[in-house]
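This briefing goes with the model displayed below. The points are grouped by topic.

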Amino acid sequence: MTTLRRADQAESFSDKPVCSEVGWMLAAAVGLLVSATPLHAQTATPVPTQAAPAVTNSALTAPLFYQLLLGELKVRDGDAGAGFSLLLDAARKQRDPALFRRAVEVALQNRSGEAALTAARAWSADLPQDPEADRYLLQILLALNRVSETPPVLRAIVERSPANERNNTLNAIPQTYARIPDKAAALAAVREALSDSLSKNDRAAATWTTIGRMQLAAEQEPAALASMRQGHAADPASPFPALLALELFERGQADAEAVILRHLKAAETGAGTREHSVALNYARALLDLQRSAEARTQLDALTARHPDLPEPWLLLATLQVQSNALPAATQSLQTYMTLARQSSNERTARGLTQAYLLMAQIAEKQKDFSAANAWLDRIENADDIMEAQMRRASLLARQGQLDQARALLRNQPERREGDARLKLVAEARLLRDLKLYEASYEVYGEAVKRFPQDTDLLYDQAMMAEKADRLPEMERLLRQLIAARPDYHHAYNALGYSLADRNIRLPEAKQLIEKAVSLAPNDAYIQDSLAWVEYRLGNNERALEILQAAYAKRPDAEIAAHLGEVLWVLGQREQALKIWREGLLLASDNETLQETLKRFQVKP
């Protein structure tokens, strides 16, 4: 992929010690111009058996050699300004990109942005066909926050990119401008630079996508949505607008999903090359939204069309394990492991750890604990050992060896920053999964004492206080969290929902949840809480409206429990049974759903 390279990442002399010895300087000076136009050629005296190859002399003259040597000496001796001037003068005389690059780097090493800009401008002007010159110039302008001066440079980079790489160059632009603090100015500059590209069929889709990403960075989601649609209309089979649609979809823009689906259809029917990354990322997004059936459809299609792609098999196996389709999951994992071992892709190879963990989980579900441990023994990467040990602890606990499981986690060496926290969280979650809520609460309390600035730990401790029926303590912790983080929407939601679920202090509960909604308006779980307090207040029609929207956004067993209850109370019992059945398919062991069905004495 063509990228807009940062000046400080380009290959340069700055990767070597600058003029550490005169001998090195002489060699460097000679080497600078070995590719220059030869002044003359000489042929060695022929040998009776064969002719020696011709010797080509470089264009390095004595005055130039002296100028370069003096320039490097000045830099070494701390007179970087004089050294820079000598090097830039030599670069302009010789029109040599290596010398221009060296002049820029001397300026950058000495934190002289204006001098670096002068050299880069000279480089671009003297060698207009050298793409590296414009890349340096663009990065220096951005580093100096002179965003308004970048459009002509960016336009030149795009126009001079090879035709088969131009769309990738366009796709790299948002990342290049990502560090600019004034997002509106960055958007304006990019839009000006790409104005001509919007009307060119071979790049319109990628151009609209780039503008859309810039709008997204500027928090202009409606504008980004419009640009995404323009890009898709220009080329329905292009993956670029579809990938932007995925970003918008994951941000809660439900309207973007239609573009994703139309792109997938266009790619399948031959309007363009199928871009499997769109389907794969769409499946991931569906999994995050707990829309498991739709994710399964995408993954089934991917594995059928591209059986040699490893990653869809791993995601499919994850779904199959969740639904207890263990033989199918085993087959998917075996396929993945075969493909991953044949791949040189590091990311795919790292996925083997996840595959081994899933195989261990399957064996654990089948109560084959020795096989589960055997799979865990295959994990060798030090970065993944902690996760393997967490699974081992679960195996021990499942066999009634809770003390040994906790000791295994406690005694695990802390190899990386964050391992100490991870160990405590793993222990607390293990205890939570075993429904030992009081013990889990205590471990979270230990974690909070050790990491007092970590508000997530405080929230988790509050949730365990509720599970342990320590409701005053839960409220105290959540109010402490709200005082420390007034924007922590989960705390408002948890406290408000807890009050509503116990049917107490309902006006206060509604106020708390409405605050959470104002902080996270697209969160389906918070909308579920708002609907629940409306239901407790007797506003059943309003509760139904909110719950239907939340369930459409995120099909979830707990939301299904609440939606089914409101439908049941409103007399829509067939619809309630349908929603409850869907909830059981999503998570048959959900406590809220099971309690609801028991309370209404229903077996859907």
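In helix 12 of this predicted model, the buried residues are P239, F240, P241, A242, L244, A245, L246, L248 and F249. That is nine of the 12 residues in helix 12, which is therefore mostly covered, since a residue counts as buried under 20% relative accessible area.

**Helix 12 and its surroundings**

- Helix 12 covers residues 239-250, and its first and last C-alpha atoms are 16 Å apart, close to the 16 Å expected at 1.5 Å a residue.
- The cover over the buried residues of helix 12 includes helix 8 (166-176), helix 10 (204-217), helix 11, helix 13 (256-268) and helix 14 (276-288).
- Just after helix 12, G252 has a positive phi of about 100°.

- Q298 sits in helix 15 (residues 292-305).
- Is Q298 buried or exposed? Q298 is buried, because its relative accessibility is 13% and the cut-off for buried is under 20%.
- Leaving aside neighbours within four places in sequence, Q298 contacts L264, A279, Y282, A283 and L286.
- Q230 belongs to helix 11 (residues 221-234), and its relative accessible area of 41% makes Q230 partly exposed.
- Between Q230 and G212 there are 9.6 Å from C-alpha to C-alpha, and the two are 18 residues apart in sequence.

**Whole protein**

- The protein has 32 helices and two strands.
- Of its 604 residues, 49% are buried.
- Among contacts with a separation of 6 or more, 54% join residues 24 or more positions apart.

**Nonpolar cores**

- In soluble globular proteins, nonpolar side chains tend to be buried together.
- The largest nonpolar core holds 65 residues, and those touching the most other members are Y459, L478, V533, L563 and W580.
- Helix 30 (residues 557-569) gives this core its largest share, eight residues.
- V533 touches A500, L506, A509, K510 and I513, when residues up to four places away in sequence are not counted.
- A second, separate core has 55 residues, including L248, W313, L315 and V321; L248 is also one of the buried residues of helix 12.

**Salt bridges**

- Side chains of opposite charge can pair when their charged atoms come close.
- The number of salt bridges in the model is 46.
- R146 pairs with E149 in a salt bridge whose closest N and O atoms are 2.8 Å apart; R146 is partly exposed at 25% relative accessible area, and E149 is partly exposed at 29%.
- D487 and R485 form a salt bridge with closest N and O atoms 3.1 Å apart; D487 is partly exposed at 45%, as is R485 at 30%.
- K578 and E582 form a salt bridge with closest N and O atoms 2.7 Å apart.
- What separates K578 and E582 along helix 31 (residues 573-586)? The separation is about one helical turn, because K578 and E582 are four residues apart in that helix.
- K578 is partly exposed, with a relative accessible area of 37%, and E582 is partly exposed at 26%.
- Through shared partners, salt bridges link E159, R166, K200, D202 and R203 into one network.

Note on methods:
Residues are numbered from 1 along each chain as its sequence is written. This is a predicted model: local features need pLDDT of at least 70, side-chain atom pairs count only at pLDDT 80 or more; totals for chains, interfaces and linings use all residues. Side-chain values use heavy atoms; hydrogens and water are left out. Buried means under 20% relative accessible area, exposed over 50%, partly exposed in between (1.4 Å probe, protein chains only). Contact means heavy atoms within 4.5 Å. The expected span of a helix is 1.5 Å times one less than its number of residues. A nonpolar core is a set of buried Ala, Val, Leu, Ile, Met, Phe, Trp, Tyr and Cys residues joined through side-chain atoms within 4.5 Å. A salt bridge is a side-chain nitrogen of Lys or Arg within 4 Å of a carboxyl oxygen of Asp or Glu.
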